[in-house]
Amino acid sequence: MKQLIELTKRGAALLPGRVAASAPPTEGGDPAPRAGAPEPKPPPGLPLAFMLSHFEDDGPVRLDGVKLGVCEVLGLELDEPKLGSFAGALNACDFPLQLLVRQHPPGLGKLRDDLERAQPPDLPPRTKAAAESLRRLLGELEAREGILDRRFYAICEHERMDELRSLLVRAGLSAHLLRGRQLRMLVLAAALGGSPREFDEETEVAVEFNRREVRLDDHLARSLHLAQWPRSLSPGFLQGLMAAGAPMDLSLHLGPIPAAVAARTLEWQKVRFESARSLSMRKGKSLSSEAEIALEDVMRLRDEVQRGRERLFHASLSLTLHAPDEETLAEVTQTAKAHFASTLGKLDALPFRQREGLLSTLPLGLNAVAVWRTLDTTSLAFLYPFSPPDLDTRGGDLRGIDLRASSPVVYDPWDGTHLNANTAVLARSGSGKSFATKLGVLRGLCRGVVAYVIDPEGEYADMARAAGGRVLSPGVAGQGMNPFVIDSGDAEELLQRIGSLRRLIEVMVGEPLGAERRAALDHALAAYYAQPRERSGFADFFSYLKDDAEGDASLARLLRPFATGSLRHLLTDEGDDLLTNEALVTVFDLHLLEPELRPAATMVCTETVWAAAARDPRPRLLVVDEVWSIMQHPEGAAFMVSMAKRARKHRLGLQFITQDVQDLLAEDSSRAITGHSGRALLQNAAFKLLLQQDAAAISTVGDAFDLPADLQRWLLSCPRGDGLLLARGNRFPIRIEATPEETELVEWRPGSQRRQEQPGDEDR
């Protein structure tokens, strides 16, 4: 752990008491207005006591005329490389800044309204009730204790905002400047407590500053200041405080000390300690162990500052706690004090200075408490106020509850902000993967996302029927599909589809074709689609093969079972009806097929869905359960990897599920396919959901996803329904939560009262 260095009172007196962003105080303690500053025009709802003059489109203006820039920062995982990058960015900073963490109950009203508007009008009653229950759950999450929304901000003078954003990017962080209404809502919410989405711009709130708290309309706030810093810090120090689950605003003000001033001050400290040691030796005494350690710290830090590897900063940490009543406020205050006391730190309750404390936690770049501590760069990096990250984009579906950040996980795979809409679900049997998948399908169709499910065991059929969808059994008369329909005039699309059909035929015949037959098949497909046809399909293509005098007659013989044999109903011209009359959810039930025929049927179904996606791009979800059954074949593996790469071009999301994790990822040269294709499939999935894992496969999973040992242990023992979501380069431990109406619909089956005692009906 990094040791903190505190200057003596005499040394600290040589340093300025405020960062440059704050003007010199007047007699009353507030910054004096600059010459020519505009006449104070406080925004609606905020009195002059909040030191805000007015808003411009790209930043607020304080009463002293200082215009500020405010940018929102996306959080990241906390690890050693990120700490080093953040320390490097701080070393390059030569202007004062404020880092603000806002933690408050989530505002999910807009999400509820969006889901209601997107709901298809013709949903069956049971599905409509499930959609209403989801909106009700979102309302409950807003009021549930411990569920919080966490946002990170960086504030500095407006003219330095471009420099600040460059430094944040250098640290690996993503930041965007707040403007307009979004900016005004943030400042108003920070002043009055709560989510920026809760307030109207004309909100008028009564504010009363008392001795130890502030009354803001119907709730209380208490500001505290870190008066005594811990001697040592460990990474994630602030994360432990935020994990307490209390609404709070935590502000860290930083002011860089010029290197020359810092070096002189540290040299003076060194001389002082050495003089004290010499004096003690003359008296026959030794310097105390604390003084010896302090001397070593000063000498080390002086050398680091002179080499440019460390800098000194003025630092001030304040936090404002929010609660609905005095009893709750006292509890959260005691929790915050206990967190710092455990590391020998101490919070100042700021009696009679609550206004100054509240101002210090507003996004105004103003440390009104005016108490500073001198810290070095590495110590500040350990504070790292941009973690843990969250995945709450306030658009799409509720995916679960983040167990670490205590926040909802809400995102839309099709909103264009992700690499693609593909999801990989890897888990052992009985961990809840089928339940999680069916719940995601249900919530998607409730907002108009068309879903297709390739179901090898018949697990999704009852849910699809109950939700108003349809179930098809490939190979049964009247329920065939026609993936050979290609009506796209795009030459690139035609070339890709011909390649997919070639791989499909190789899987259908059950053996890899030789180079000569593969060339003949490719020639036949290209020649077939080069001619204009009123109606393309497998039957028509088979007739073309039989009549092609120059072609390879053996190809027609290999495909004869699919044209006139027992599998003649698998590939029929009924696919046109499937494409033009889509249901909200379609399940391809393969459980009647022999296991050796399922890979071919899976590819037929997938090609049919691809034809629909190519014809009319719109948000669609294709779920392939037990994907390992098709990945065992080299042609099938190549087909799935190609599908994963191309799906995003037609707004198709591919979700593949497997419990054979080790087989999917293992590198075994004795198999027909190695883990290279399995890893390629995973690399083309923007989202990975890891539920409970088997002990035999956890090392393979840990290596594949670079999971630390503690997360690997957690995946071995986490409860059913809990898992690890990997997205945007971060890890989110989540809990999947469903309403009773959703659970009943997802688990409902005809005769469930008779079957509820039978094990294995539901892989939940």
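Trainee: How much space lies in the largest cavity?

Mentor: This is a predicted model, in which local features need pLDDT of at least 70 and side-chain atom pairs count only at pLDDT 80 or more, while totals for chains, interfaces and linings use all residues. Residues are numbered from 1 along each chain as its sequence is written, and side-chain values use heavy atoms, with hydrogens and water left out. A cavity is a set of points, on a 1 Å grid over the protein atoms alone, where a 1.4 Å probe fits but cannot get out; points are joined across faces, edges and corners, and the volume is the space filled by probe spheres set on them. The structure holds five cavities of 30 Å³ or more, and the space in the largest cavity is about 380 Å³.

Trainee: Which element gives the most to the lining of the largest cavity?

Mentor: There are 24 lining residues (those with an atom within 4 Å of a point), and Arg-399, Tyr-411, Ala-436, Gly-440 and Gln-655 are the closest to the centre of the largest cavity. At least two residues each come from strand E16 (397-402), strand E18 (423-426) and helix H13 (433-445), where helices (H or I, at least four residues) and strands (E, at least two) are DSSP runs numbered from the N terminus. The most, eight residues, is given by H13.

Trainee: With which side chain does Arg-150 make a polar contact?

Mentor: Arg-150, in strand E6 (residues 149-157), is buried (under 20% relative accessible area, 1.4 Å probe, protein chains only) and has no salt bridge, its nearest side chain of opposite charge, Asp-390, being 6.9 Å away. A salt bridge requires a side-chain nitrogen of Lys or Arg within 4 Å of a carboxyl oxygen of Asp or Glu. A polar contact is instead a pair of N or O atoms within 3.5 Å, one able to donate a hydrogen and the other to accept it, and residues adjacent in sequence count only if both atoms are side-chain atoms. At 2.5 Å, the partner of Arg-150 is the side chain of Gln-103.

Trainee: Is Lys-110 buried or exposed?

Mentor: Lys-110 meets Asp-114 in a salt bridge (3.0 Å, N to O), both residues lying in helix H3 (residues 109-118), four residues apart, about one turn of the helix. Asp-114, at 22%, is partly exposed, a class between buried and exposed, the latter meaning over 50%. With a relative accessible area of 55%, Lys-110 is exposed.

Trainee: With which residue does Asp-392 form a salt bridge?

Mentor: The whole structure has 32 salt bridges, and one network of them links Glu-72, Asp-149, Arg-151, Asp-390, Asp-392 and Arg-394. Asp-392 counts as buried at 6% relative accessibility, and Arg-394 does so at 10%. With the closest N and O atoms 2.6 Å apart, the salt-bridge partner of Asp-392 is Arg-394.

Notes. Lys and Arg count as positive and Asp and Glu as negative; His and the chain ends are not counted. On a 1 Å grid over the protein atoms alone, a cavity is a set of points where a 1.4 Å probe fits but cannot get out, and a pocket is an open set with protein on both sides within 12 Å along at least five of seven lines; lining residues have an atom within 4 Å of a point.
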